Amino acid sequence: MPDSNHDEKFLETQSRHFRQCVKEARFVIVTWLITLFYVGTTIGLMGYVPVENRPDDPSLILGIPAWVCWGLLLPWFVLIGVTWWFAIFMMKEDEPYMDFPNREPESLSQTQP
Amino acid sequence: MTDPSDTAAWFEIGQRDKYILAPFFAYMIGVFVIAIWAHRYQKKSEFESEYYVGGRSFGAWVLAMSWVATLASGGSFLGYPSFVYSYGWSMAMWVSGSTITALVGLGIVGKRINRLARQTGALTLVDLLRERFKSRAIGVIYPIVIVFVTSVYLLAQFIAGARILASMLDTSYYMGLILFATSVVAYTTYGGFRAVAWTDTLQGIVMIVGIVMLVPLAVHAVGGLENATRNLMTREDPAAIKKGIDTAKHAYLYGPGPEEIENDNSESSEEEGRSPLSDPWLPFGVGISMFMLRSLGSVMMPTTVPRMLAFRDTKALRRALMLLAPYFLLMYGSSLITMNCAHMLDLGLAPVDSDQAVPELAKRVAPPILAGLLIAAPFAAVMSTVDSALLVISASVVRDLIQKSWFPSIRETTIKHLSYLVTVVVGLAVFFMALTKPPFLQPLVIYYVGGGASALFWPSLATLFWKRATAQGVIAGLVCGAITFVLMDLFRPLDFLIELHPFIYGFTASGLMVFSVSRMTPAQDSRELEPYFGR
């Protein structure tokens, strides 16, 4: 049954868990904003060219329009790397699992890590 | 394309090629074997936790593949390729948000929601919200919104599934719909969440293998991608011709793309909010909206949230992120390449039948034995989304509304029978709606993602991360986001200024309401918050 020691320890681990989750979420949101800015700017400038300014022979890279390569594929490859980095280095293992105070342990507890 | 129903009885199946049928039926048998295997777990475990979150025991592969298979629906494997087939490279911006979908979708809330769900015993997202705010109103309103938006999504997927089967089996749409509905409802009802997640894993693998295998076949068939792209430079825009205007220079190579193809169905034209003399297909504002929708929309999607409640530990989450990072590039990159080649092959599809482009291309460029597998890929995408959506609706109705809101003392055996019953009834209801054969798939999918994200994103995020959030604020954000989305989608009053997707307005309104109403209402007792946020 829950006791005061359990409650104190629980609140400590819960604080650490919450702070770490906020830190990770903040990283993702900043990355999202940078991506939005880059993709919007690059595609806006290179991919949304007014009809009168379009070249007769559009630039292609391996058969793909250049704006697709720079505005879509390049950030995509970079973000794969960022996601791997995030998963390996940024996202920490979670705090040890503890039941909520004053709550019976979940019947699923046999599956807890 | 000629509908076989024009020349034969609706129930006749014309396909006799065993090389197409064999791999497809092998895949279907695999799905049912998994469902039967998964059902055994239900007998050993507590019904609800097993039926709705699979005992919270899933590792990286099951988490990653079931998450992406649920997210990537018929919209990704039929609807999006259909648009690329119709609008060329201009559709690249449509998927720009998918560059960061995996990171945003799992990285922001995955760990947090999983831990809190374990600690509170939540089996659904609504459980979690109700528990934090101790609010019955949230427990009623939230599932109603979820049931509504998910039903729209289900409808889109039933249409997609029926169309694939119609194409593959050379039968009518109606026969395809019957076969699809019967099979998917049967294995979902019988196997529950574990069967859904396991079959999703199989389907996630079949999907990506199938769509990637199409790339070299399509590129080879047109003599190289550059050849196909150069051919697009001279492509005439049928919608422009129909309107009596010239095709814009390199319309298929640049945004905003060619003219929007007019749908003969007037209701759909209204849905898109364009006049009959509409501007080009993808204005920049809509493109940016799609970036936001495709990335943020994945965070609190009702069909993907159960996966976050069901994974085993953070290690599984981290590995799943690594698996998912390249998945979207392979998926949408392959569609962009294959469908920009497909137009050269003259698939013989009328504009309103372009949702059939992937199966028709597979039949055209692949050897028959491979074509069966390639057609199974989009079918897998559809099935994996339908089974998840069925379970979400079942959980919302049985767990969130009946059990938690109205009859808390209901017995487990009754819950079990109700869960089976609701899954079947919902399947049947959507089946009858799909009989009306709505013409385009992708708008329904986008409606679901946009509506869901408008209503659910901020309230759910505030519940998980913001101490100052209140029940009133969450409800206000939920209702206001949903209503704003629907109204902006119907009337589009600001399109004369800038054309944005209605999601942007719903999303913004929801966020403002959560913030302002929470600030205006009394804060939650700090002792109630400590278990969620610590000290």
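Q: Is B:Glu226 buried, exposed or partly exposed, and at what relative accessibility?
A: This is a predicted model, in which local features need pLDDT of at least 70, side-chain atom pairs count only at pLDDT 80 or more, and totals for chains, interfaces and linings use all residues. Residues are numbered from 1 along each chain as its sequence is written, chains are lettered from A and ligands numbered from 1 in the order in which they are written, and side-chain values use heavy atoms, with hydrogens and water left out. Buried means under 20% relative accessible area, exposed over 50%, and partly exposed in between, with a 1.4 Å probe and protein chains only. B:Glu226 therefore counts as partly exposed, its relative accessibility being 38%.

Q: With which residue does B:Arg230 form a salt bridge?
A: A salt bridge is a side-chain nitrogen of Lys or Arg within 4 Å of a carboxyl oxygen of Asp or Glu. B:Arg230 is partly exposed, at 32% relative accessibility. The closest N and O atoms are 3.2 Å apart, and the partner is B:Glu226.

Q: How far apart are the closest N and O atoms of B:Lys243 and B:Glu259?
A: Both residues, B:Lys243 and B:Glu259, are buried. They form a salt bridge, and the distance between the closest N and O atoms is 2.7 Å.

Q: Is B:Arg492 buried or exposed?
A: B:Arg492 forms a salt bridge with B:Asp495, with 3.9 Å between the closest N and O atoms. The relative accessibility of B:Arg492 is 13%, so this residue counts as buried.

Q: How many salt bridges are there between chain B and chain A?
A: Side chains of opposite charge can pair when their charged atoms come close. One such pair is B:Lys111 and A:Glu24, whose side chains meet in a salt bridge at 2.8 Å, N to O. A:Glu8, B:Glu530 and B:Arg535 are also linked, in a network of salt bridges. Over all chains the search finds 16 salt bridges, and between chain B and chain A the count is 6.

Q: Which helix gives the largest share of the side of chain B that touches chain A?
A: Helices (H or I, at least four residues) and strands (E, at least two) are DSSP runs, numbered from the N terminus. Across the interface of chain B and chain A there are 26 residue pairs in polar contact, both residues at pLDDT 80 or more; a polar contact is a pair of N or O atoms within 3.5 Å, where within protein one must be able to donate a hydrogen and the other to accept it, and residues adjacent in sequence count only if both atoms are side-chain atoms. Several helices of chain B each supply at least two residues of this side, including helix H5 (101-107), helix H6 (110-120) and helix H20 (442-465). The largest share, 8 residues, comes from H6(B).

Q: Which three residues supply 12% of the area that chain B buries against chain A?
A: The contact (heavy atoms within 4.5 Å) takes 69 residues from chain B and 69 residues from chain A. Buried area is the accessible area (1.4 Å probe) that two parts lose on being put together, summed over both. Between these chains about 6400 Å² is buried, with 67% given by carbon and sulfur atoms. More than any other three residues, the suppliers of that 12% are B:Lys111, B:Arg115 and B:Tyr254.

Q: Which element of chain A is included in what covers the buried residues of H15(B)?
A: Buried residues of H15(B) include B:Leu317, B:Arg318 and B:Leu321. Their cover includes helix H3 (60-71), H5, H6 and H16 of chain B, together with, from chain A, H2.

Q: Which residues of chain B is B:Thr201 in contact with, leaving aside its neighbours within four places in sequence?
A: B:Thr201 has its place in helix H9 (residues 173-221) of chain B. With a relative accessible area of 12%, B:Thr201 is buried. Its contacts are B:Trp61, B:Val62, B:Met65 and B:Ser66.

Q: What pattern does chain A follow along the sequence?
A: Chain A has 113 residues, of which 47% count as buried. There are 2 helices and 2 strands in chain A. Read along the sequence, the pattern is α-β-β-α.
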